[in-house]
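Please look over the sequence and the 3D structure shown here before reading on. The report that follows takes up pockets and helix packing in turn.

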Amino acid sequence: MSGAPLLRLERISKSYGGTPAVQDLSLDIPANEFFALLGPSGCGKTTLMRLIAGFETPDTGRILLDGIDITHLPPHLRPVNMMFQSYALFPHMSVEQNIAFGLKQEGCARQEVVARVADMLRLVQMADLGKRRPDQLSGGQRQRVALARALIKRPKLLLLDEPLAALDRKLRHDTQFELMQAQRETGTSFVVVTHDQDEAMVMAHRMAVMRSGSIDQIGSPREVYEEPQTRHVAGFVGETNFFDGRVMQYMPGGVEIETTKGLRLEAACRHHPAIGARVTISIRPEHLRLSAPGVFSTNGGIGEIVDHVFREGLSSFRVRLETGDIVHVRQGQGEGVHDWARGARVFVSFAPERARALVV
Ligand code: ATP
């Protein structure tokens, strides 16, 4: 990988009738990366994709591809392709003809078209189905044809808008791995828009979590999950428990807060909030511990088990604390794990280094 990014967005803004959709956004994507854009509905994901593809022009800022300014280049002159959610296959054409379409339009020699279509059919594991029409395919197969058609022109960058949204749960799961394989084999950078944080966590090398037209955080799925920088990111990526409060004192590597409900809790903190500042502690369900209430119970609160669900080897508990807070606790099976019954009194606690105090 060279030092310069494949794609560089420099301080991009885009408004529609005075309402900002993307605000002063900068982003670098290297070659050969699987990148996911994640965020709630209306946060600007599709607008950003359309700006990169060239269907929209930014009001301010620049878009560079391989160091070349493409901000005002029309879509068909960009080495970028976009795969739409609807797949937009031609219904009267065979799979092969659908895949070949872009190359033929470019005037590519017949022999080369045939060879590259065969390569693409192999890549998406559709070698036996080239003669079928789209209405003779399953949803998953149509998705693969759309992917092959988007990749045949060997774009440097492929934009995928909710590529798995039309598939059922099981098929989505399998298709995730096929997309990852296609990205690896072609070396094309993929930028995927998704609502589904699990999907982004599985597929992406890096992800950006957006909010209101800008990026809150960029990082590997693990970084974003384990080191969320904002309350929005902590809540959007994975499940978490929040405790709102104010900073009471500094502790080694963190802070002690008093929650709005009167609990004293300590958590790691990467920021430097003032004493008295409002912060939120985020603690993942798997980092909460349950124990019998006792004299040495610290960094937590007493509560009662409200629900207990066992699924896929994990016990999930909902606990109502005496403060009224409801927390979610997840435990694996193993030594020291107790099967708490509904109604049991428990102490819910956590190690400060497992939790993050986030400035709000
Ligand atoms: P979703 O996940 O629901 O698809 P999104 O994150 O892709 O949402 P965008 O479609 O980029 O969000 O929209 C960002 C904001 O810009 C929204 O407030 C939307 O209403 C607005 N917007 C998008 N396209 C247009 C348009 N053509 N004209 C006016 N407003 C628009």
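Which element gives the most to the lining of the largest pocket? It is β6, with 4 residues.

## About the model

This is a predicted model, in which local features need pLDDT of at least 70 and side-chain atom pairs count only at pLDDT 80 or more, while totals for chains, interfaces and linings use all residues. Residues are numbered from 1 along each chain as its sequence is written, and side-chain values use heavy atoms, with hydrogens and water left out.

## The largest pocket

The largest pocket holds about 730 Å³ of space. A pocket here is an open set of points on a 1 Å grid over the protein atoms alone, where a 1.4 Å probe fits and protein lies on both sides within 12 Å along at least five of seven lines; lining residues have an atom within 4 Å of a point. The volume is the space filled by probe spheres set on the points, which are joined across faces, edges and corners.

Of the 25 residues that line this pocket, V80, N81, M82, R149 and K153 lie nearest its centre. At least two lining residues come from each of β6 (80-83), α2 (95-105) and α4, where helices (H or I, at least four residues) and strands (E, at least two) are DSSP runs numbered from the N terminus. By class, the lining has 16 nonpolar, 4 polar and 5 charged residues; Ala, Val, Leu, Ile, Met, Phe, Trp, Tyr, Cys and Pro count as nonpolar, Asp, Glu, Lys and Arg as charged, and the others, Gly among them, as polar.

## The second largest pocket

The second largest pocket has a volume of about 470 Å³, and among its 18 lining residues E239, R311, E312, L314 and R330 lie nearest the centre. Two or more residues of this lining come from each of α6 (197-203), β16 (300-311), β17 (314-321) and β18 (326-331). The lining divides into 5 nonpolar, 5 polar and 8 charged residues.

## Packing of α4 and α5

Helix α4 (residues 139-151) packs against helix α5 (residues 169-186) at an angle of about 15 degrees, with the axes 11 Å apart; axes are lines fitted to C-alpha atoms over the stretch in contact, and angles run from 0 to 180 degrees between N-to-C directions. The two helices are therefore roughly parallel, a term for angles under 35 degrees. Contact, meaning heavy atoms within 4.5 Å, is made by G140, Q143, R144, L147 and L151 of α4 and by L171, T175, E178, L179, A182 and T186 of α5.

Conventions
Parallel < 35°, antiparallel > 145°, perpendicular 65-115°, else oblique.
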